[in-house]
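Biologist: Could you walk me through this one slowly? I'm new to reading models.

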Amino acid sequence: MAARWAPPAGLILLLLLAVLLPARADRPARTGHADDDPEASSAVFQLYGNVYPHGLYYVAMSIGNPAKPYFLDVDTGSDLTWLQCDAPCVSCSKVPHPLYRPTKNKLVPCVDQLCASLHGGLGKNLKCDSPKQQCDYEVKYADQGSSLGVLVNDSFAVRLANASIVRPSLAFGCGYDQEVGSSTEVAPTDGVLGLGSGSISLLSQLKQHGITKNVVGHCLSMRGGGFLFFGDNLVPYSRATWVPMARSAFRRALFLMGFFATQYIVERTSAHCLLVMMLKNRNYYSPGSASLYFGGWSLGVKPMEVVLDSGSSFTYFSSQPYQALVTALKGDLSKTLKEVSDPSLPLCWKGKKPFKSVLDVKKEFKSLVLNFANGKKALMEIPPENYLIVTKYGNACLGILNGSEIGLKDLNIVGDITMQDQMVIYDNERGQIGWIRAPCDRIPNENTIHGFEEGYCWPQFPSSIFGIQNEECAANYRSNKE
């Protein structure tokens, strides 16, 4: 998760948790495995939030017995899911719901393999003095802040595609001592949903329980909201662009990035930001290296190592491609746009009158393209609406930031702004990453999420479903606004 540059609420320590839709009382609990019923191998969750002004996308999950709701920040850039909790709480931020309260029988022992995986992800050696010792962890931050927690097990209520409910016991972090800057405002989320590929990830645990395949995808709507899914029933395999997942020496760079980014945001936005801190994992999702094009022309920079991270509000380019992009943008803009100072982001422009949305200004900018070397015709088009925001001051601002200023060096992070209105799929079963343009403000209905391999509806998706005409395709979706 790259640090968020967003203004909504004071300095907040939050991390890795996601939100499952609450279980319905009129459905019986299901205890079998997904393999027993192939139709039950996927789950779809509604997302909330936006890139600006909220600076994050989050989901509601029901945890515990009896189940209680929690809002979790969706983060594919980290493994550990965790909540601020009362264990008891030594120091916690204000959150939307009452703090999670674990019981002693929920503690994960130090000798558990998941504890070893957690400490391995933190780059630490695990020492267990006793088989009954609990699994403690500590996360430290560049601004001298820290978070102490303990690993616990508790049930998560997950509604599957066939409307049945499973309640697996999953391991997650219980953060009870946060040493961070104080805030009087309530944080938008209770924690973070870690969806990386490590074994401590919620996704990996669901796979181990035989509930869903190790596949996760998200569709972030430019209008706000969207949907998240586990399993592969929704995956348009024949229509999406696919590249193999890459692993490289940049793992450590990403692990450290959160620490540097934290300090950067504190300096640039003081207490007027939503600071979503992160425990960075080294099991990030990377489609490999890509060449950068602007307006159909190469920017002449060396191939960029790219990571996709739903925990980052904005996109970060390393110094060389960032400077090349800024130069190209400034050289191509009409004289009707004037550079202006805006507290929201570093580089902004104003027009003859304030802009109301990106649609008012997108014609003044050209599309970017990332051409990935690992795939066949693996292009990710980035139109202006996927790299610009319009602030509350009516200015258009560049949502691609200079990653070298926060210690990213040669790493490039594709964040939420660039992934909006695209279904992005992280298929750990096949070791590949895919994307396809999609109507992300329309959540697939429970009875229409199967068989989508043939494609989706025009104009967002280039074909119809089961022969349904394009004008009828809207019936297969429901809007977040409804």
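What follows is a short chat about salt bridges and strands.

Modeller: Before we start, this is a predicted model, where local features need pLDDT of at least 70, side-chain atom pairs count only at pLDDT 80 or more, and totals for chains, interfaces and linings use all residues. Residues are numbered from 1 along each chain as its sequence is written, and side-chain values use heavy atoms, with hydrogens and water left out.

Biologist: How many salt bridges does a search of the whole structure find?

Modeller: A salt bridge here is a side-chain nitrogen of Lys or Arg within 4 Å of a carboxyl oxygen of Asp or Glu. Searching the whole structure for such pairs gives a total of ten.

Biologist: Which residue meets Asp154 in a salt bridge?

Modeller: Asp154 sits in strand E7 (residues 146-159), and its partner is in the loop between strand E5 (82-84) and helix H1 (113-121), so the pair ties together parts 48 residues apart in sequence. Those names come from DSSP runs numbered from the N terminus: helices (H or I) have at least four residues and strands (E) at least two. The salt bridge has an N to O distance of 3.6 Å, and the partner is Lys106.

Biologist: Is Asp154 buried or exposed?

Modeller: Buried means under 20% relative accessible area, exposed means over 50%, and partly exposed is in between (1.4 Å probe, protein chains only). Asp154 has a relative accessible area of 6%, so the word is buried.

Biologist: What is the N to O distance in the salt bridge of Glu385 and Lys362?

Modeller: Glu385 is buried at 15%, while Lys362 is partly exposed at 28%. Their side chains meet at an N to O distance of 3.1 Å.

Biologist: In strand E9, which residue is the bridge partner of Leu83?

Modeller: Nine of the eleven residues of E9 (residues 169-179) are buried, so the strand is largely enclosed by the rest of the structure. Two strands pair if DSSP finds at least two bridges between them, and E5 and E9 pair in the parallel sense over three bridges. Within E9, the partner of Leu83 is Cys174.

Biologist: Which strands stand at the edges of the open sheet of four strands?

Modeller: The order is E18-E19-E23-E22, with antiparallel pairing.
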